[in-house]
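I opened my notebook to jot down what I looked up in this structure. Here it is, before my notes.

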Amino acid sequence: MKRTFMTERQMNKNILLKDGDYESIRQVLERIASILPDHRILAELDQDKNIVYYTSEDIYEEVMNLGDGLIDAGLKDAHIAIIAENSVRYVLSDICISSGVGVVTPIDREAPVDLLVTLLNKCDADAVICNAKIVKTLEEVMDKCPRVKTLITIDKQKEGYLSYDELVKRGAALKDKSIYRNIKLDLEAPAKILFTSGTTGANKGVVLTNANLAANILNCMDTIMATPENTAMSVLPMHHATEINTHIMTRVASGRLTYINDNMRNMMANMKLFKPNCITIVPMIANAFYKGIWTNAAKLGKAEKLKKGIKISNLLRKFGKDKTHSMFADLFAPFGGNLEFIVCGGSMLNPEVVKGMNDLGVRMENGYGITECGPLISMNSETLTEHLSVGKPCPGLEAKLINVNEEGVGELCIRGKSVAKGYYKDEEATRKVFMEDGFFNTGDSARIDAEGKIFLVGRKKNTIVLENGKNICPEEVENVIESALSYADEVVVYHPEYDGRPVLCVGLYISDDAKRADRDGILSDIKKANGLLPSYKRIDYIEIVDRPYEKTSTRKIKRTLLPGACSGDGIKVF
């Protein structure tokens, strides 16, 4: 039977959106609690691995009580950072603070101490909500962060500190239950500060208002395609804009159930327990899924059978019969058995992976966004027929190119209600990219076709400028190499020196010892990949590393840490 995919706006136009579009996340809570009070919205595992569910009404009441508790503790209008593992309480804390208490700043819980100090000072944090196990670290940090006066443990009580449980109980015990509930939000006031990843420079604090956050939810509801009554699993760290703003908040606003995965290390085990229909991930995880499927098929001697099955399945789909989940049931088992679609974003997606996963019955939706835009900018939900673009801009956004070259590639600029006002207390950085006409320069190189579809070429800041003036977007070359070297776990293209001159180098991490040792085979495959590239984009040198590259918590390789010179132990291609 053919699966039906629709946007959440289509599915909710006579339910949650019948009284108009959302203006704030607070309004989201009020509507789902009023219209769908018994709907299960969030779920997670307890210590005994039992699934605990939270209804719309549960969520509303807990947020209201937490809000009253935080205000009663003297934190009205405070800047509050969250440094914690993913949990339902993380989500509710984020909603509560941004919807009337003050300004929330989610911070990477894996950030080194020096970076924590920098970020807490940059966002003017007055308080921190954290896991009990990092209290000792934060005690040391507080000496260098004079504004931070309050620590709140989110998971368990720690003597001498406030706790999430205590604040919720405190709010529930107040005689006057109207304080937080009756707050009138200034929709244009700062509600959240999100730090950029810092992969290409210093972290900047993006200021998002309640209006920005609501507009981003509506952009998602307008563009992400889903099946009715689907369930999802949250995987990415919640300090990441894609996870909390685009994935979780949109699902809450749509009345959908989302399972919270506490840690990426538990992702596969928890998928088997939660059995989600949908998952939002970054390209590196999507690549690993796809490679893992074919690696396992090869080990079991079923690769040829799988190829034949795909041909039959694709033929049946042309006649409206989707048998993928029954034909490939053993492939779906590690993902819980119900996986129907994947929303992917964060960087360029390998077209081969998009098509390959679609062939196996998992619809790939290729999204594109940037923190400063809320983050969602566009979504390609039709990857089966056209998998190279990231789709058209969301209906609430405008896109244009500036500084366009002879190939039609320019710098992509975006304008709309979800676009941030600027960077927190950084006028110079704001002026550089937030233009007077309201457009934001994303720093991404792209083409826009006659239909308005965006085709990403690469990050402007990642662009390699050759001695002859030619520009190379490394992500574009990496996709070609990934397709030619399916056994490579990580591929990164950069521009170091070798023997006194700059070269175009590809760094490879290959976990398979035999494959890594086969230097002749690697060289042969790189030469084949070079044959698919223009002469100036061809690889000159191969570095083979024995450990994965250092990454951010959202699994992006830190390009700023790539070496400036080749080791000399690699492979010359020419």
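Predicted model: local features only at pLDDT ≥ 70, side-chain atom pairs only at ≥ 80, totals over all residues.

Helices here are DSSP runs of H or I of at least four residues and strands are E runs of at least two, numbered from the N terminus. Residues are numbered from 1 along each chain as its sequence is written, and side-chain values use heavy atoms, leaving out hydrogens and water.

**Helix H15**

I looked up which residues of H15 (residues 351-359) are buried, and got Val353, Val354, Gly356, Met357, Asn358 and Asp359. Buried means under 20% relative accessible area, exposed over 50%, and partly exposed in between, with a 1.4 Å probe and protein chains only. What covers them? The cover includes helices H11 (283-299), H12 (303-318) and H13 (324-327), plus strands E15 (341-344) and E16 (363-369). Contact here is heavy atoms within 4.5 Å.

**Cavity**

On a 1 Å grid over the protein atoms alone, a cavity is a set of points where a 1.4 Å probe fits but cannot get out; a pocket is an open set with protein on both sides within 12 Å along at least five of seven lines; lining residues have an atom within 4 Å of a point. Points join across faces, edges and corners, and a volume is the space filled by probe spheres set on them.

I found one cavity of 30 Å³ or more. The largest cavity has a volume of about 50 Å³. Met357 turned up again in its lining, along with Ile293, Leu331, Phe332, Phe335, Leu360 and Val362. By class that lining is seven nonpolar, no polar and no charged. For the classes, Ala, Val, Leu, Ile, Met, Phe, Trp, Tyr, Cys and Pro are nonpolar, Asp, Glu, Lys and Arg charged, and the others, Gly among them, polar.

**Second largest pocket**

How much space lies in the second largest pocket? I noted about 640 Å³. It has 23 lining residues, and Glu44, Leu45, Ser87, Asp155 and Asp262 are the closest to its centre. Strands E2 (40-45) and E3 (51-55) and helix H10 (267-274) each give two or more residues to the lining. I counted classes here too: seven nonpolar, six polar and 10 charged.

**The four-strand sheet**

I then traced an open sheet with the order E25-E28-E29-E30 and mixed pairing. E25 and E30 (571-572) are at the edges with a single partner strand each, so one side of each has no neighbour in the sheet. Strands pair if DSSP finds at least two bridges between them.

E25 (residues 490-494) and E28 run antiparallel, joined by five bridges, with Val491 opposite Leu508. E28 and E29 (residues 541-545) run parallel, also over five bridges, and Cys505 stands opposite Tyr541. E29 and E30 are antiparallel over two bridges, where Tyr541 has Lys572 as its bridge partner.

Is E28 (residues 505-509) mostly covered or exposed? Mostly covered: five of its five residues are buried. I saw Cys505, Gly507 and Tyr509 pointing one way, Val506 and Leu508 the other.
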